[in-house]
Amino acid sequence: SSDLSEVIDVAFSPNGKELVVATMDGVLGLWDVENGVQIGSIEGKRDLGSGRLETDRATAQYSAANKYFSSLCYSADGSCILAGGRSKFVCIYDVREQVLLKKFQISNNRSLDGMKQFLRSSNMTEGGPLDLIDDRDDEDDEDMSLPGVLAGDRSSRRTKPEIRTKSVRFAPTGQAWAAVSTEGLLIYSLDSSLVFDPFDLGVDVTSESVAQAIERNEH
C-alpha cells in the first residue's frame with residue numbers, strides 16, 4: 001500500500017546495506033539497497049493512530065489518516081528502528097521480526113493539539129468545532145496593541161500547537177535515544193543516573209563551541 005504514498009523520510013542502516021522508508025500512510029518499508037527490492041514492511045498506522053485534533057470531526061480511532069512517521073533512525077547495531085512523527089508516540093521496532101518493541105508517549109500536556117482521545121458532540125456545531133469559532137464582537141474588543149505596532153499581538157493564539165516529533169536519534173551506545181518534539185528536547189536512557197538539565201545551557205553553548213570541546217576531548 002505504500003507504493004502510491006508520498007515518502008516522508010528515509011534512513012540507511014549502519015552497514016549501508018538496508019534502507020527504511022517512511023510513507024504518508026504510516027508504513028515503514030524495508031529495502032535491500034544492493035538489489036533495489038523491498039524486503040519487508042511494518043504497518044505503523046495503528047501505533048500512531050491515537051489522539052485527535054481540534055479540527056477533527058471524528059474520534060481518535062478514525063482520525064488516524066493524518067498520522068505518519070517523519071523521522072527515522074537505526075540503532076548502532078542495525079537491529080532496531082526508532083520512529084517518530086505526527087503523533088504523541090515514538091516507537092521502536094525490531095528490524096528482523098518487523099514488530100513493535102515499545103511505544104513511548106512523549107507528552108501528557110492536554111493544552112497541546114492532538115492529545116485528546118474522545119470527541120465531545122456538545123462542542124461540535126454546523127460551523128465546525130466550537131473552540132475554533134470566533135464569536136467575539138470586534139466593536140467591543142479593546143485595542144491592546146502598542147503604539148507603532150502594525151502586526152498586532154503575535155503572542156496571542158487562536159490555535160494550539162500540535163504535538164509531534166520532528167527528529168529522533170539513537171545514541172552510539174544504544175543505551176539512550178533523543179527526540180526533538182513540541183515539548184522540547186527529550187532524552188530517554190537505560191542509565192537511571194543520566195540527568196539532562198537544559199537550565200544549565202547558556203548563550204555560550206553553541207554548535208561551534210561543542211565541536212571545539214570535542215576536539216579538545218573535554219567531554
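Buried means under 20% relative accessible area, exposed over 50%, and partly exposed in between. The views below show a predicted model.

**View 1. Salt-bridge network of Arg 86, Glu 162 and Arg 164**. The structure holds 2 salt bridges. In one of them, Glu 162 pairs with Arg 86, and the closest N and O atoms are 2.6 Å apart. This pair links distant parts of the chain, 76 residues apart: Arg 86 sits in the loop between β6 (80-85) and β7, and Glu 162 in the loop between β10 (128-129) and β11 (165-170). Arg 164 also forms a salt bridge with Glu 162, with 3.3 Å between the closest N and O atoms. Arg 164 counts as partly exposed because its relative accessibility is 28%. Arg 86, at 19%, counts as buried, the limit for that class being under 20%. Shared partners join Arg 86, Glu 162 and Arg 164 into one network.

**View 2. Aromatic cluster of Phe 104, Trp 177 and Tyr 188**. A pair of aromatic rings is described by the distance of the centres and the angle of the planes. A search of the whole structure finds 4 aromatic pairs. Phe 104 and Trp 177 make an edge-to-face pair, because their ring centres are 5.1 Å apart and their planes stand at 65 degrees. Phe 104 lies in strand β8 (residues 99-105) and Trp 177 in strand β12 (residues 176-181), so this pair ties together parts that are 73 residues apart in sequence. Phe 104 has 16% relative accessibility and therefore counts as buried; Trp 177, at 6%, counts as buried too. Trp 177 and Tyr 188 form a stacked pair, because their ring centres are 4.4 Å apart and their planes at 5 degrees. With Trp 177 in strand β12 and Tyr 188 in strand β13, the pair ties together parts that are 11 residues apart in sequence. Tyr 188 has 24% relative accessibility and so counts as partly exposed.

**View 3. Hairpin of β7 and β8, with Lys 103 over the ring of Phe 89**. Strand β7 (residues 89-94) pairs with β8 in the antiparallel sense, over 6 bridges. Phe 89 has Gln 105 as its bridge partner in β8. Lys 103 lies over the face of the Phe 89 ring, at 4.5 Å from the ring centre. The hairpin has 4 residues between the strands, and Gln 98 takes a positive phi near 55 degrees.

**View 4. Nonpolar surface patch of Val 180, Leu 185 and Ile 187**. These three residues make a patch of about 230 Å². Ile 187 is part of strand β13, which spans residues 184-189. Its relative accessibility is 39%, so Ile 187 counts as partly exposed.

Methods. Residues are numbered from 1 along each chain as its sequence is written. This is a predicted model: local features need pLDDT of at least 70, side-chain atom pairs count only at pLDDT 80 or more; totals for chains, interfaces and linings use all residues. Side-chain values use heavy atoms; hydrogens and water are left out. Patches are made of residues with over 30% relative accessible area and no salt bridge: like charges are joined within 9 Å, nonpolar side chains (Val, Leu, Ile, Met, Phe, Trp, Tyr) within 5 Å. Accessible areas come from the Shrake-Rupley method with a 1.4 Å probe; for residues, only the protein chains shown count as cover. A salt bridge is a side-chain nitrogen of Lys or Arg within 4 Å of a carboxyl oxygen of Asp or Glu. Helices (H or I, at least four residues) and strands (E, at least two) are DSSP runs, numbered from the N terminus. Buried means under 20% relative accessible area, exposed over 50%, partly exposed in between (1.4 Å probe, protein chains only). Rings of Phe, Tyr and Trp (its six-membered ring) pair if their centres lie within 6.5 Å; planes under 30 degrees apart count as stacked, over 60 as edge-to-face and the rest as tilted. A charge sits over a ring if NZ of Lys or CZ of Arg is within 6 Å of the ring centre and within 35 degrees of the ring normal. Two strands pair if DSSP finds at least two bridges between them.
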